[in-house]
Amino acid sequence: MDVTVIIPVHNTGRGVLEGLESLRAQTLPRSRFEVIYVDDGSTDETGALLDAELADEENFSVVHIENSGWPGRPRNIGMDRARGEFLFFVDDDDHLGAEALERLVAKAREDSADIVIGRMAGIGRKAPRELFQKPLSGATLRTHRVLLSTLTVHKLFRTEFVRANGLRFPEGKVRLEDHMFMLPAYLRARSISVVHDYTCYYWVRHKNFGNISFATPDFKDYLGSVERIFDIIEAETEPGEFQDALIAQWYRGKVLGQFQGAKYLNLPPEAVDTLHSEAYSLAERRVPERLDAKLNPFARLRAAALRSGNFALIRQITEFELDLTHRVTVNGYRWDGTTLYVDIESALVRKSTKQPLEFVRSGDSVYWDLPSEALADSRVRAAAEISAPLRKIKLQTFARCKEIGADVTVPTSFTSTEEPTGQDRFTIRLTGTVKLDLTRANLGSPLLGSWWFVSRVEYCGISCDQIPGPNRSPEAEAGCVPALVHLDEETSVLATTTYNRKEHLVLTVDPSWKELASLVPRNERPALVRESDSLRLRVPLSLYTGGEENSLSLRLVSEGTSVESTGSVQPTDAARPRAVLTAEIPSVPRRGRWQVAVGSADHPVPLPIHLSRGLVRWSVTVQRPPRLRTFARRVYRALRRRAGRVYRALRRRAGRVARAVGLRR
């Protein structure tokens, strides 16, 4: 038995079936893996549903236990029953890629790894990204701190490694139980590997049933769990830089991280009081102030407010952070061979006013533009000085493909410019170019399918994401043209840049050529000429070709019969995206209606281009959506966008009024 998959379940209902189907679809032979569901005292149909589904399922089983309230005990029971060389933990509402188990086991054996992490995709939630941008083998936590970006247990573990080190989950209602398992596992592992080029795990946040991880915690218990993690760190590591870095990691993420965003601002007063007092006590007892230097600049600001004991400052800093964003504008597109360049511009702004975010200069120092009350505290003022960190501002771009669960970094060059806005005040504007080489943009592989993009600005511990597209210049509209791109000597694709119904920029790289007919200009018609026993087809296209001629395999299809042909796409105007598709059909087909298709005889892709033979001559037609339908669709999308903006504006106004009259904090 290669691997044992362990899945704790509780009141998941039919939501458990998606994960079950993904396990049934695994490419690893059924005889080489087992699946153990541990039903943690479900009170709905979950237990009976699994019993019925798995009654005759090879190597699938269900264990029923009394409710323990948390996944720790079910996972331990699964580990005790496991027969596999490896263990893999899955949550009941998640699912796997079809090749997940096969690839994970192969990687573990290839690298003699104790732990293998498969690429994750978040559905309704954020998943780690940086860890999966390049291959990784033979890593340890001391050499690769990036491993700390994923502390869930959705990974492959060598069973002998787990048992030899006595790794167990804490049982009962214990917060951060995954961290309590993963931290010693990371610290004791001799070799950790990553499957970076295939999405193994789909990490789902469902709306139709709850997840205990998202409930508002009892902060005394929660921060007690953080203190237990501090105990593990001190027991597993020697005093020094590495130990300090680990303590700072959990202090930043799990203590100071509780003071972030609307979730913190909307906590009930009694929960806020408990959080403040418990976090202050924990910091004073377990986190030396010297460790604040290991935090990012904004986390240092939160730490200063916490250590000051003036908890009102924490709220001011959280409100300030929540108001920060950036506005990205697309300024232009251009193709160069297989590479698409997208020019973008990003301005740091305040959400509340839509005005530029200002920084304050005092002598040689630069400060956050915080309320005067916050800057009056000496600790907070010292932490608000960001001269050096601000020079390290970053503009990044990520491409995402929902179909394959990929999330890849796209090279982005940029310049940062300070723009004065008044005496001793300035804002920052970033001007950059995104470079998309279609032959290798997907982690060294071709970029195929539909991709949308995220523009991220990182500075001084702040990270702001925006999706390019809604803001764009007229030059960008004019340059948004499709292109014919050679991925290799045998594969040509049609790449189109469009905007979806939310006005987000989408790049679709299609090897099937389905959208080819949409590129025929409405004011130009295809031509079809008969020459003795052959036909010559000529179709004008609004298409960038890179100045090269591109060959295509064409055929005419009618009622199960096909006539083979070859065609080519040739540029006709070097200054504009113009080309012409020509094809020589060597034998005149019989009378009737024939559809043009591209691709092989086994997998022809029909195009909405038709040839018809009448009594006297042949004719060619292009099927397009009716103009009225196209116009109506554009009007509908415009009205929907406008209604959305009005609705969001009304919600913001209602929120401000509610806070003003004391109905909401």
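The views below show a predicted model, in which local features need pLDDT of at least 70, side-chain atom pairs count only at pLDDT 80 or more, and totals for chains, interfaces and linings use all residues. Residues are numbered from 1 along each chain as its sequence is written, and side-chain values use heavy atoms, with hydrogens and water left out.

**View A. K354 in the loop between β11 and β12.** K354 lies in the loop between β11 and β12 (359–362); strands (E, at least two residues) are DSSP runs numbered from the N terminus. Although K354 is not a glycine, its phi is positive, at about 65 degrees. Most residues other than glycine have a negative phi. With a relative accessible area of 46%, K354 is partly exposed.

View B. Strand β10 (residues 324–336) pairs with strand β11 (residues 339–350) in the antiparallel sense over 12 bridges; two strands count as paired if DSSP finds at least two bridges between them. R334 has Y341 of β11 as its bridge partner. The hairpin has 2 residues between the strands, and G337 takes a positive phi near 65 degrees.

**View C. The open sheet of 8 strands.** The strand order is β23-β24-β27-β26-β25-β28-β29-β30, with antiparallel pairing. Because β23 (527–531) and β30 (618–622) stand at the edges with a single partner strand each, one side of each has no neighbour in the sheet. From one strand to the next, the twist averages 30 degrees (axes are lines fitted to C-alpha atoms, and angles run from 0 to 180 degrees between N-to-C directions).

**View D. The pairing of β28 with β29.** Strand β28 (residues 593–598) and strand β29 (residues 605–613) run antiparallel and are joined by 5 bridges. A597 stands opposite P606 in β29.

View E. The whole structure contains 0 disulfides, a disulfide being a pair of cysteine sulfur atoms within 2.5 Å. C200 is in no disulfide, and the nearest cysteine sulfur, that of C401, is 16 Å away. C200 counts as buried because its relative accessibility is 0%. The closest cysteine sulfur to that of C460 belongs to C464 and is 11 Å away, too far for a bond. C460 is buried, with a relative accessible area of 5%. Placed in the loop between β18 (449–459) and β19 (462–466), C460 has a positive phi of about 55 degrees although it is not a glycine.

Definitions and conventions. Helix = DSSP H or I, 4+ residues; strand = E, 2+ residues; numbered from the N terminus. Buried < 20%, exposed > 50% of the residue type's maximum accessible area, 1.4 Å probe, protein only.
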